[in-house]
Amino acid sequence: MAKAKTPGRRPQTAQPAIAGAAVAADAPKKPRVSVPQFINQVNAERRKIVWPSRKETWITSVMVFIMVALASAFFFLVDTMLAFASRNILAIGQ
């Protein structure tokens with residue numbers, strides 16, 4: 001029967017001086033591949049790419065422009081209101 005862990009408690013371990021050193025030391029080394037094998041792997045991954053259609057690209061571009069216009073209008077209004085408020089607050093002291 002396995003021993004149950006106590007929730008909320010972690011075993012105390014010594015921390016390495018450099019955080020990345022533990023990761024690099026624990027990671028197994030990957031075997032090197034030859035140049036032709038690497039090119040074949042790159043081509044295999046390239047064949048998996050699915051490019052968006054012209055219609056999908058158009059719709060996405062229009063949506064981005066709409067969101068940019070809405071964000072611009074929002075930030076313009078907020079900036080105008082804050083400028084108005086700060087001018088009125090600073091005018092009180094004069």
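Reader: In which helix of the protein chain is confidence lowest, and in which is it highest?

Author: Where pLDDT is low, the predicted coordinates should not be read in detail. This is a predicted model, and in its protein chain the lowest confidence falls in helix α1 (residues 19-26), with a mean of 58, whereas the highest falls in α3, with a mean of 97. Over the protein chain the average pLDDT is 84, and 72% of the residues score at least 70.

Reader: What does the secondary structure of the protein chain come to, and which pattern does the chain follow along the sequence?

Author: The protein chain has three helices and zero strands, and reading along the sequence gives the pattern α-α-α.

Reader: What percentage of the residues count as buried, and how should I read the accessible surface of the protein chain?

Author: A residue counts as buried when its relative accessible area is under 20%. Of the 94 residues in this protein chain, 0% count as buried, and the accessible surface comes to about 9900 Å², with 67% of that area belonging to carbon and sulfur atoms.

Reader: Which residues form a nonpolar patch on the surface?

Author: The patch is formed by Trp58, Ile59, Met63, Ile66, Met67 and Leu70, which together have about 660 Å² of accessible area. One of these residues, Leu70, lies in helix α3, which spans residues 54-92. Leucine 70 counts as exposed because its relative accessibility is 54%, the cut-off for that class being over 50%.

Reader: How many aromatic pairs are there, and how are the ring planes to be read?

Author: The count comes to one aromatic pair. In that pair, the ring centres of phenylalanine 74 and phenylalanine 75 are 5.1 Å apart and the planes stand at 70°, so the arrangement is edge-to-face, given that planes over 60 degrees apart are classed in this way. As for accessibility, phenylalanine 74 is partly exposed at 48%, while phenylalanine 75, at 55%, counts as exposed.

Reader: How many salt bridges are counted, and which residues form a salt bridge?

Author: A salt bridge calls for a side-chain nitrogen of Lys or Arg within 4 Å of a carboxyl oxygen of Asp or Glu. The count here is one salt bridge, formed by glutamate 45 with lysine 48, whose closest N and O atoms are 3.2 Å apart. Glutamate 45 is partly exposed, having a relative accessible area of 47%, and lysine 48 counts as exposed at 57% relative accessibility.

Terms used:
Residues numbered from 1 in each chain as written. Predicted model: local features only at pLDDT ≥ 70, side-chain atom pairs only at ≥ 80, totals over all residues. Heavy atoms only, no water. Patch = residues over 30% accessible without salt bridge, like charges linked within 9 Å, V, L, I, M, F, W, Y side chains within 5 Å. Areas by Shrake-Rupley, 256 points an atom, 1.4 Å probe, with all protein chains shown as cover. Helix = DSSP H or I, 4+ residues; strand = E, 2+ residues; numbered from the N terminus. Buried < 20%, exposed > 50% of the residue type's maximum accessible area, 1.4 Å probe, protein only. pLDDT = per-residue confidence, 0-100. Phe/Tyr/Trp six-rings, centres within 6.5 Å; stacked < 30°, edge-to-face > 60°.
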